[in-house]
Amino acid sequence: DMAEELKKYTSKESVITPFGVNVESFSQRVPVLSRDRVTIGVVKGLEKVYGINFLVEGFAQLVSFEEYDNLRLLIVGEGSEKEALMRQCT
């Protein structure tokens with residue numbers, strides 16, 4: 001329908017990109033959900049503006065309490081802060 005509508009406004013060729021996701025490209029290799037742990041996470045560009053370093057700092061303080069030893073922090077992303085965040089986590 002969109003391609004037909006586009007023809008009303010231009011004679012240029014249009015390309016239709018189908019909706020969907022190749023689930024094989026995004027298959028889960030490591031189980032994220034667990035009955036033994038609670039995962040706190042973020043999926044974001046690893047840039048200073050997002051303050052992910054504060055998340056790491058707060059998480060470290062939280063897990064220092066024995067009653068919170070079942071928590072896990074999961075950070076997913078790429079960006080200029082990746083190396084600094086990795087150093088902060090070690």
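The chain contains three helices and two strands, which follow one another along the sequence in the pattern α-β-α-β-α. The model is a predicted one, with a mean pLDDT of 88 over the chain and 92% of the residues scoring at least 70. Confidence is highest in helix α3 (residues 82–89), where the mean is 96, and lowest in helix α1 (residues 2–7), where the mean is 86.

In its overall dimensions, the C-alpha trace spans about 65 × 30 × 20 Å along its principal axes, and the radius of gyration of the chain is 21 Å, whereas a compact globule of 90 residues would have a value near 12 Å. Of the 90 residues, 10% count as buried. Among contacts between residues at least 6 apart in sequence, 66% join residues that are at least 24 apart.

Helix α2 (residues 52–63) comprises 12 residues and reaches 17 Å from its first C-alpha to its last, close to the 16 Å expected at 1.5 Å a residue. Within α2, Ile52, Val56 and Phe59 are buried; these residues cover an arc of only 65° around the axis, and therefore lie on the same side of α2. The elements that cover the buried residues of α2 include strands β1 (38–43) and β2 (71–76), together with helix α3.

The largest nonpolar core consists of five residues, namely Val42, Leu46, Ile52, Val56 and Leu85. When neighbours within four places in sequence are left aside, Val56 is in contact with Leu73, Ile75, Leu85, Gln88 and Cys89.

Definitions and conventions
Residues numbered from 1 in each chain as written. Predicted model: local features only at pLDDT ≥ 70, side-chain atom pairs only at ≥ 80, totals over all residues. Heavy atoms only, no water. Core = buried A, V, L, I, M, F, W, Y, C linked by side-chain atoms within 4.5 Å. Buried < 20%, exposed > 50% of the residue type's maximum accessible area, 1.4 Å probe, protein only. Contact = heavy atoms within 4.5 Å. pLDDT = per-residue confidence, 0-100. Helix = DSSP H or I, 4+ residues; strand = E, 2+ residues; numbered from the N terminus. Expected span 1.5 Å × (residues − 1). Arc of directions from axis to C-beta. Rg over C-alpha atoms; globule rule 2.2 N^0.38 Å.
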